[in-house]
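Good morning, colleagues. Please look at the sequence and the structure on the screen, and I shall then walk through the fold.

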Amino acid sequence: MAGVNKVILLGNVGQHSEMRYMPAGKAIASFSVATSERYKDKEGNTQERKEWHRVTLFGRQAEIAGEYLRKGSQVYIEGRIQTEKYTDKEGVDRYVTNIIGDRLQLLGRRGDADGGASEDHAGKSQGSTGGEGGNPAPMDDFGDDEIPA
């Protein structure tokens, strides 16, 4: 039986993309995306929980991310979860979980300080998501102390 490993993220970029290139010249972009969830606690107070996700893109998707994504930009990512194991300096086994993106969509209108371009850069044109009701509500600004290392 085959399994499914599918992730969909809609959130805000936490830092500019870190760009690297493979020896053959293929681009790799790495960045963090924050998602948030709002809920009411037992006392009825609204609480917010932020979750940070490490995202890696390859090829043309990575090039687009490097050019257009900025801290605070809203982004839609589809991909899969990949966990890697490594041994730290003290000999302790550690695990890192990444989202390997295969679809990137920049949200917001062209020229917006927080949104960049608004077309689907996975090769399937979806048109503009801009306009008054077209964008999800932006998340609160993140302080530099909230960005994961």
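I begin with Trp-52, which is partly exposed, with a relative accessible area of 22%. Throughout this talk, buried means under 20% relative accessible area, exposed means over 50%, and partly exposed lies in between, with a 1.4 Å probe and protein chains only. Trp-52 is found in strand S4. Its C-alpha atom is separated by 4.6 Å from that of Ala-34, 18 residues apart along the chain.

A word on the basis of these values. This is a predicted model, in which local features need pLDDT of at least 70 and side-chain atom pairs count only at pLDDT 80 or more, while totals for chains, interfaces and linings use all residues. Residues are numbered from 1 along each chain as its sequence is written, and side-chain values use heavy atoms, with hydrogens and water left out.

Let me turn to the overall fold. The protein chain has one helix and six strands, arranged along the sequence as β-β-β-β-α-β-β. Helices (H or I, at least four residues) and strands (E, at least two) are DSSP runs, numbered from the N terminus. Of the 149 residues, 37% count as buried. The accessible surface of the chain is about 9400 Å², and 47% of that surface belongs to carbon and sulfur atoms; these areas come from the Shrake-Rupley method with a 1.4 Å probe, and for residues only the protein chains shown count as cover. Among contacts between residues at least 6 apart in sequence, 54% join residues at least 24 apart, where contact means heavy atoms within 4.5 Å.

Next, the strand pairing. Two strands pair if DSSP finds at least two bridges between them. How many bridges join S3 and S4? The two strands pair in the antiparallel sense over 13 bridges. In their hairpin, five residues lie between the strands, and Gly-44 takes a positive phi near 90°. Strand S2 (residues 18-21) also runs antiparallel to S3, joined to S3 by four bridges.

I now come to the nonpolar core. A nonpolar core is a set of buried Ala, Val, Leu, Ile, Met, Phe, Trp, Tyr and Cys residues joined through side-chain atoms within 4.5 Å. The largest one holds 18 residues, of which Phe-31, Val-55, Val-75, Ile-77 and Leu-104 touch the most other members. At least two residues of this core come from each of S1, S3, S4, helix H1 (59-68), S5 and strand S6 (93-106). S3 supplies the largest share, four residues. In soluble globular proteins, nonpolar side chains tend to be buried together. Leaving aside neighbours within four places in sequence, Phe-31 is in contact with residues including Val-13, Val-55, Leu-57, Ala-65, Leu-69 and Ile-77.

Finally, the charged pairs. Side chains of opposite charge can pair when their charged atoms come close. A salt bridge here is a side-chain nitrogen of Lys or Arg within 4 Å of a carboxyl oxygen of Asp or Glu, and a search of the whole structure finds eight.

Which residue forms a salt bridge with Lys-6? The partner is Glu-78, with the closest N and O atoms 2.9 Å apart. Glu-78 lies in strand S5 (residues 74-87) and Lys-6 in the segment before strand S1 (7-13), so this pair ties together parts that are 72 residues apart in sequence. Glu-78 is buried, with a relative accessible area of 12%, whereas Lys-6 is partly exposed, at 49%. Together with Arg-103, these two residues are linked in a network of salt bridges.

Glu-48 pairs with Arg-38, the closest N and O atoms being 3.6 Å apart, and Arg-38 stands opposite Glu-48 in S4. Here Glu-48 is partly exposed at 31% relative accessibility, while Arg-38 counts as exposed at 52%.
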